[in-house]
Amino acid sequence: MNHQDNAVHTPKELLTELQTLVAEAEKMIGSSLSEHSDEAVCNMKARFNAAQDRFNDIYEGTKKQVVAGAQYTDKTIRENPYQSLAVALGVGALIGGLVGMLVGRNSK
């Protein structure tokens, strides 16, 4: 994958870069295409491909983190089934109690 020195590192920066590319493309489409050189069109394609590569990198990294977290959670639950059940029961009771209080308060 091609990475430039000014590579985008955060999803927000990537989104900003993509918005800039879309705005430039809209400007080019609005004006006559014959006014723009092949070099400018190739440059936009290259920037788009670079942004797409960065997006894919972010997506793959996030996907790996989610899978690793799910595997860790699954392993922990399987190794400690009774403790996991007790925690789930406690959290459920706490949330149920809070919801009950809020509903009771709104009913009055």
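The protein contains 3 helices and 0 strands, and its elements follow the order α-α-α from the N terminus. The model is a predicted one. Of the 108 residues in the protein, 9% are buried. Among contacts in the protein with a separation of 6 or more, 65% are between residues 24 or more positions apart.

Helix α2 spans residues 38–79 and comprises 42 residues. The distance from its first C-alpha to its last is 61 Å, close to the 62 Å expected at 1.5 Å a residue. The buried residues of this helix are Met-44, Ala-50, Ala-51 and Arg-54. Val-41 also belongs to helix α2. With a relative accessible area of 31%, Val-41 is partly exposed, because this value lies between the 20% limit for buried residues and the 50% limit for exposed ones. Val-41 and Met-28 are 13 residues apart along the chain, and their C-alpha atoms are separated by 9.0 Å.

Helix α3 covers residues 81–107 and includes Val-103. On the surface, Val-103 forms a nonpolar patch together with Val-87, Val-91, Ile-95 and Val-99. The accessible area of these residues together is about 420 Å².

Conventions:
Residues numbered from 1 in each chain as written. Predicted model: local features only at pLDDT ≥ 70, side-chain atom pairs only at ≥ 80, totals over all residues. Heavy atoms only, no water. Patch = residues over 30% accessible without salt bridge, like charges linked within 9 Å, V, L, I, M, F, W, Y side chains within 5 Å. Areas by Shrake-Rupley, 256 points an atom, 1.4 Å probe, with all protein chains shown as cover. Salt bridge = Lys/Arg side-chain N within 4 Å of Asp/Glu carboxyl O. Helix = DSSP H or I, 4+ residues; strand = E, 2+ residues; numbered from the N terminus. Buried < 20%, exposed > 50% of the residue type's maximum accessible area, 1.4 Å probe, protein only. Contact = heavy atoms within 4.5 Å. Expected span 1.5 Å × (residues − 1).
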